[in-house]
There are 2 protein chains.
Amino acid sequence: MKHTTKNPTPYHHGDLRRALIDRAIEVVETEGVEAVSLRALARDIGVSHAAPIRHFPTRSALLAAIAKRGITTLLASAGQRANEHGMSSLEKLRSMAEGYVAWAAEYPAHHMLIRNQDVMRHADDELHREANAYARLHEELIRQAQAEGWRSDQNTHTLFVEITALTSGLALVASDPIYRTVLPGQLHAKEVGSILGRFFSEA
Amino acid sequence: MKHTTKNPTPYHHGDLRRALIDRAIEVVETEGVEAVSLRALARDIGVSHAAPIRHFPTRSALLAAIAKRGITTLLASAGQRANEHGMSSLEKLRSMAEGYVAWAAEYPAHHMLIRNQDVMRHADDELHREANAYARLHEELIRQAQAEGWRSDQNTHTLFVEITALTSGLALVASDPIYRTVLPGQLHAKEVGSILGRFFSEA
DNA sequence: AGAGTAATGTTGTCAGTGACAACATAGAAT
DNA sequence: ATTCTATGTTGTCACTGACAACATTACTCT
């Protein structure tokens, strides 16, 4: 016989996969990657301890899935910025860097995860392919900017390293709570803009 | 009755603390922070599973102790570079940045640990104090370099962020295995020198 | 509509781990 | 020599990831 009243705890959750991801992101942001436990997530959500396995075979798979989602959105945003009309390669480079830093600040959990050795170690090939796609897009733009006259006398690889370092560093400072202990004062988006503006200038 | 032959496995290890640290560093470098397990370390070394607790009350304490040791040596090296005679503040800044990147490349495990959110979260106040000492030394040098004419028109905080980001980023690229997937080719010390030389130039 | 199948959730279990307590041993101090 | 303290061992507990066997729901095909 069917219930006429709503069942308070239905057998099936509805969107457990999404719920796991959302809760995991919360935990990463508040307590760190280490604190993510499949059983604790299940408890928080209100399902049995083994339910998560239907969606993510291992804990690493869950974290890697979140990281992958992050890289995908980042790559999409970068692709857009790199294909904007009426922009020089140099302007595109700057836009990509700004986009990266802004993305890290907006999604600190995703950023932490893609920076986490233990997570990336268990990531599948596609994730690494996407990360490489981002790097190659970057590299190609640098080459073009150099062809258009920007720092054309410098070694492309060195320039790539420099841009990668500066961008990654800014993303770190923008999203990593560790820096909040060390940094005197808050990091403002305007500062990032000013730093990148200076770096990606014609001079 | 006493043995006249050497006991192959003495009751006391001799220097278990050191052995734990050494083995933990190896594991961090080869398998990542996550793979460090007190019980596994004990097994590898050949002591009982609870022996490590005499030296480090928790797993976090062990990792934090290694991180602290790292920051201490880093700070010592930075202090030396900052007090070198016959160097302008700008040259000292450059030397500090180079020292940091070289340190990260030489001690990747230590660098990973001080960058690890989960480790630093459980670190004691003294560790944070040392990290702050490093930052304040940095800041003071920037102020002096500006007083001596370098980028004197720029905001000190923004400059601090920029240097921190560039240095941290280079250290990441120099020591983090993740970048080996993305980077086309190896990172050479010469490149780091060229990047920092350009950045810390009078021009 | 109804049967059969796939997807999803549950219960039970196992080995590995961190942490703790109680006990054992060796070396140092008096 | 006796006692004390540092260090190591054994035993145990709760928690976790992973897996297997089973239950329930949703979906599909006719």
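Tutor: Let's start beside the DNA. Helix α2(B) gives the most to the surface near DNA strand C, with 3 residues. Here a residue is near a strand if its C-beta atom, placed from the backbone, lies within 6 Å of it. Helices are DSSP runs of H or I with at least four residues, strands are runs of E with at least two, and both are numbered from the N terminus. This is a predicted model, where local features need pLDDT of at least 70 and side-chain atom pairs count only at pLDDT 80 or more, while totals for chains, interfaces and linings use all residues. Residues are numbered from 1 along each chain as its sequence is written, and chains are lettered from A and ligands numbered from 1 in the order in which they are written.

In chain B, α2 (38-45) and α3 (59-82) each supply at least two residues of that surface. Altogether 24 residues surround DNA strand C, and the closest are A:His13, A:Val47, A:Ser48, A:Ala50 and B:Thr58. By class they divide into 11 nonpolar, 10 polar and 3 charged (Ala, Val, Leu, Ile, Met, Phe, Trp, Tyr, Cys and Pro count as nonpolar, Asp, Glu, Lys and Arg as charged, and the others, Gly among them, as polar).

Now follow α3 to a neighbour. The buried residues of α7(B) pack against α3, α4 (89-106) and α8 (156-175) of chain B, together with α9 of chain A. Those buried residues are B:Leu127, B:Glu130, B:Ala131, B:His138, B:Leu141, B:Ile142 and B:Ala145 (buried means 20 or more other C-beta atoms within 10 Å of its own, exposed 12 or fewer, and partly exposed in between, with C-beta atoms placed from the backbone). Helix α7 of chain B runs over residues 125-147, and its 23 residues reach 32 Å from the first C-alpha to the last, close to the 33 Å expected (1.5 Å times one less than the number of residues). Just after α7(B), B:Gly149 takes a positive phi of about 115°. B:Arg151, in the loop between α7 and α8 of chain B, has a positive phi of about 50° although it is not a glycine. This arginine, B:Arg151, is partly exposed, with 16 other C-beta atoms within 10 Å.

The contact takes 35 residues from chain A and 35 residues from chain B (two residues are in contact if their C-beta atoms, placed from the backbone, lie within 7 Å). On the side of chain A that touches chain B, α8(A) gives the most, with 12 residues. That side has 17 nonpolar, 12 polar and 6 charged residues. Because 100% of the interface residues of chain A are also interface residues in chain B, the copies meet through the same surface.

Finally, step back to chain A as a whole: its secondary structure comes to 10 helices and 0 strands. Its C-alpha trace spans about 75 × 35 × 35 Å along the principal axes.
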